[in-house]
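I opened these notes to record how two chains of one model meet, and I begin with the structure itself.

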Amino acid sequence: MMNFRFLVFLLLVLVLPVASSFGVTPAQRVFDYQPGTEQRYSFEVVNSEGKKVNLAIIPQGELNESVVLSTKSISFNPDIPSVKVEYTVKVPAGLKPGRHSADILVVETENTPVSGGDTYIGAVVGIVTKVVIDVPYPGKYLESALSIDSRKNGEVVFNIPVISKGELDIAKVGAKIDIFTPTGEKVSSLLTNELPVPSLERRELSAKLGASVLASGTYRATAEVSYDGETLDLEKEFFVGEGGLVIKNIKVDTKDFKLGGIAKFEFLIENKLNLPAEGVYVSMQVFDDGEVFSEFKSASYDIDSFGSKEIVAFWDTENVKVGKYDSKAFVNSKQEPIEAQLTLDVSENNIIVIGTGYVISSTKGGSSLVTILIVVIGILVLLNLVWFLVLRRKIKSK
Amino acid sequence: MDKKFILIIDAVVLLGSLLSAFFVVGYTQPLVIAPLNSGENSLMFTLPKVDYLLIDENLKFNSPKTVFIEDNLDLEPGRYYIKIDSGLSSEIRELKVETDIVLQLRKLDEDSVGVFNVGESALSIKAYEVGMLVNSSLINVGSSSGDGGRG
């Protein structure tokens, strides 16, 4: 029976992500541990699409037997927008320190229960409101996490939420953050603010570092959170900068080149990151009248951190005529591909690659609309003038 | 004439004028109220110090036009190449022109010259280095200086 109930529960959980026509609010209720008491709460089930639907309410999870519902089912009609469901949590004694919870599942049923009070074979969609009891740890206890935002106005921002989960208040919390390269070399250290954290409350530590201090690349941050003589260690990787590969130069070895033969393209690629770039290759598309008519690519190369490498690709120019061609070169790696727009000037004995230049275009985008509107205003002003003159004449003639 | 009819016509004309003016002024979209780019408003791009540059429609520079400092240069939409000979080194850059433009070469300082927009409309410029976009800016119209007659 237990296995069967578990299977039904599993099925219900699996169908949770399916879009539902009803909602439950709040999604979670967290309260402090007061053993032996009865905590009365409620949640609201909203019939968001005004449908006719039958719902079943089922407590599940560790504390499911502690949850007593005012009702186990709801029948919605289109004219019922929402229903409030009250429930009582009989807080058990002897819970271990930490987080304990029950899920109150609200599931749509096709019909009515088929066997027993808890099993709903016809359940189609469901959602959960969670009941959580935080049981404090004896003495002082801190939970924390490290969050890093490296894209904030040229700064790397370190946030450390600290939650006191012990029975006693914490007088002072602070953290020291060290930043390391992938090879383990320490590049910077910084201290966060310090503050007290009362029992079962949440505060936040933070520190900032100018992004210019760090070269583009991946780093590892470790944070040692100190609170009243105890420490807690946190760690996280983060990335600074945008893209690490750059095309430094492109040339074509045309020493023995003849149109119709093989042209050797040499791409000098620099890795500006502090970690090696593996499997880097260049692919190239050549366009004629806007259509790709030839493609070729290089072998794969590894490029050391802060190093550069010449990547070679060969273009078979059979069927290629003398002329100018637009082309795109892509430097592919595990990162986002880098695109370069080039012009190839192909002649009988040479290929010139032009990549430095300017595209000059007009900024006038909505000029036609503005012209139309100005014309409309002109016509309207003219109409008003004529109208005024006609009116004056009529008044005068009267 | 019916007074009500006159009022309706007047209301339509007035409302139409106001609405048209509203959209022409552009309250519904961001309005540029400051210079479009920093520094010289009409500076499009800079070049190494040269006394002149060569411009041609082909990379072989078979029939180049020579543009001197303070010269105006009218260009129609098309693809052009400029050759900059600055003593020891020579460099070729490409200009993809998508609208009618008028350029002028002016000395900026001891080491560089600037190419300015002296045409009739503001321009959008995208600069590429080794094929990669390195700058994108909007350039105002500047006034032409010098005789501007040779271009």
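The entries below follow the interface of chain B and chain A.

I noted that this is a predicted model, in which local features need pLDDT of at least 70, side-chain atom pairs count only at pLDDT 80 or more, and totals for chains, interfaces and linings use all residues. Residues are numbered from 1 along each chain as its sequence is written, chains are lettered from A and ligands numbered from 1 in the order in which they are written, and side-chain values use heavy atoms, with hydrogens and water left out.

I looked up the contacts (heavy atoms within 4.5 Å) and found 44 residues of chain B touching 38 residues of chain A. The buried area (accessible area, 1.4 Å probe, lost on putting two parts together and summed over both) is about 3600 Å², and carbon and sulfur atoms give 64% of that. From the side of chain B, 17% of what is buried against chain A comes from B:Tyr128, B:Val130 and B:Met132, more than from any other three residues.

Last, I followed the strands (DSSP runs of E, at least two residues, numbered from the N terminus), which pair if DSSP finds at least two bridges between them. Strand E28 of chain A, residues 357-362, runs antiparallel to E9(B) and is joined to it by 6 bridges; within E9(B), B:Lys126 is the bridge partner of A:Val359.

Note on methods:
Helices (H or I, at least four residues) and strands (E, at least two) are DSSP runs, numbered from the N terminus.
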